[in-house]
Amino acid sequence: TAVAARKSSSINFGYNFSFTGSLAGVGQQFRPFIQAACNEINAAGGILGKKCKEVDIDDRSDPADGVINLRQAYASNGAIPSMVGFVTLTAGATVPIVVKSNSVAFVSSGSSEFTKPVHFFGSKAKYIYMSQPPDASVGYSLALAAKKLGFTRPAFVFTSSADEVPVVAGVKTASAGIGLHPAISVTVAADQASYGTVVARILDSHPDAILTELDPATAGTFFSNLVTASGGLKIPFVGDNISTTTSWYTAVKAALGAKTITSKGYIVDTQAAAPGPGLTVLKKAFDALHSSSSFAADLSFGAPMYDNMTQCALAMLQTKSTNPAIFAPDIGRIAGINGAEPGAVVVHSFAEGELAIEKGKNILYLGASGKFDWNAKHVLLENFVIAHYKFSGGGLAPGKTVAVISTNDLTKALG
């Protein structure tokens, strides 16, 4: 059959993200990182004599549509041993299908079901690896950042979107634990024409800061209304890594101006790995695509997906199998979940890993994102930094670090 022919000449790597709908654009925004991974794999000769084939799956920013398109992808392409992506809005519906199909899922969503995979997915939990820290840890970090920055009465401003529910819960839980008392807590519907009434309520509560995670369109409108109502931005704000994306910066810059963002804003984001050989390899592959996306601004989401694809490909090489039941456990070994394997050679790219494996060596992959600190449940925990924003490419990134929130702090918060 045609499907069998495709399977025999290539190995499918799925990319499940939002290309249309309310989150339209984010799928295309991070796609260059997926392309870079496939290009690097194929340039080195592929995997077990087969080429890496990217399979894009649009969840349309809707769980029901995401399920339909995912099932269609399996029907059209046959086996998809590995898949990256998954936004929080749709992951709860799509990831179960992926793991029931015996595919490895590298999940960018930080929803609670992925922090306790055995509880939700039973024996299939071995196929789930988190690519981003849990959303609850993001919320906790926002609250702790406010405390470390000396704010005592912040306003909590989030949307009512399902993907922000765990972040909001984390903010509120951590705030109660550290004695941070919000001046006001509001959730707003996304993408409204105006937030004037909400802005008035916030200003009447006299907060000393704003803790927030808003999608680009909502953030642009909200901050525009806030500036109009208060005669300029007079209240500092603290955002998370959503605010580093090019689309967020473009929307908010129109409302605040670039200088105000860097002078009044703080970002809480995962602590970036020190620049190393793995990042150099990715940058070269990325630049070869002549992508319009911003490398630095999109790195915190894009680099882990690039690395996950590379880890998966190396695990296939190491086990000489494209069957997830066989190669999935080696993903953790390659990442050093329990420490480096005996005699492991440190590698920074697929090509380096392939060469070491051909020589019969164990490997420890340290790619563009550095080391993945997965725990035994494949939950990713990382230090967070509190920093002012700085300009980076076409967007924003953490600038000079003000303080660090450790994984020990997060472990206590997450339980």
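**Exercise 1.** In this predicted model, identify which residue of S3 is the bridge partner of Phe13, and then describe how strands S1 and S3 pair.

*Solution.* The bridge partner of Phe13 in S3 is Ser82. Widening the view to the whole strands, S1 covers residues 10-17 and S3 covers residues 82-85, and the two pair in the parallel sense over four bridges. On the sheet packs helix H4 (residues 88-100), which touches S1, S3, strand S4 (104-107) and S5, and whose direction makes about 150 degrees with that of S4.

**Exercise 2.** Determine the strand order of the open sheet, and explain why one side of S2 and of S5 is left without a neighbour in the sheet.

*Solution.* The five strands of this open sheet follow the order S2-S1-S3-S4-S5, with parallel pairing. Strand S2 (51-58) and strand S5 (128-130) stand at the edges and have a single partner strand each, so one side of each lacks a neighbour in the sheet. From one strand to the next, the twist averages 20 degrees. Helix H3 (residues 63-77) lies across S1, S2 and S3, running at about 150 degrees to S2.

**Exercise 3.** Classify the packing of helices H9 and H10 by angle, and characterise their contact by residue class.

*Solution.* Helix H9 (residues 216-230) and helix H10 (residues 246-256) pack at about 15 degrees, with their axes 8 Å apart. Because angles under 35 degrees count as roughly parallel, H9 is roughly parallel to H10. The crossing of H9 past H10 is right-handed. Among the residues making the contact are Phe223 and Val227 of H9, together with Trp248 and Leu256 of H10. By class, this contact has nine nonpolar, three polar and no charged residues.

Technical notes
Residues numbered from 1 in each chain as written. Predicted model: local features only at pLDDT ≥ 70, side-chain atom pairs only at ≥ 80, totals over all residues. Heavy atoms only, no water. Pairing = 2+ DSSP bridges. Axes fitted to C-alpha atoms, helices over the stretch in contact; angles between N-to-C directions. Contact = heavy atoms within 4.5 Å. Parallel < 35°, antiparallel > 145°, perpendicular 65-115°, else oblique. Left-handed = near helix turned anticlockwise from the far one by under 90°. Nonpolar A, V, L, I, M, F, W, Y, C, P; charged D, E, K, R; others polar.
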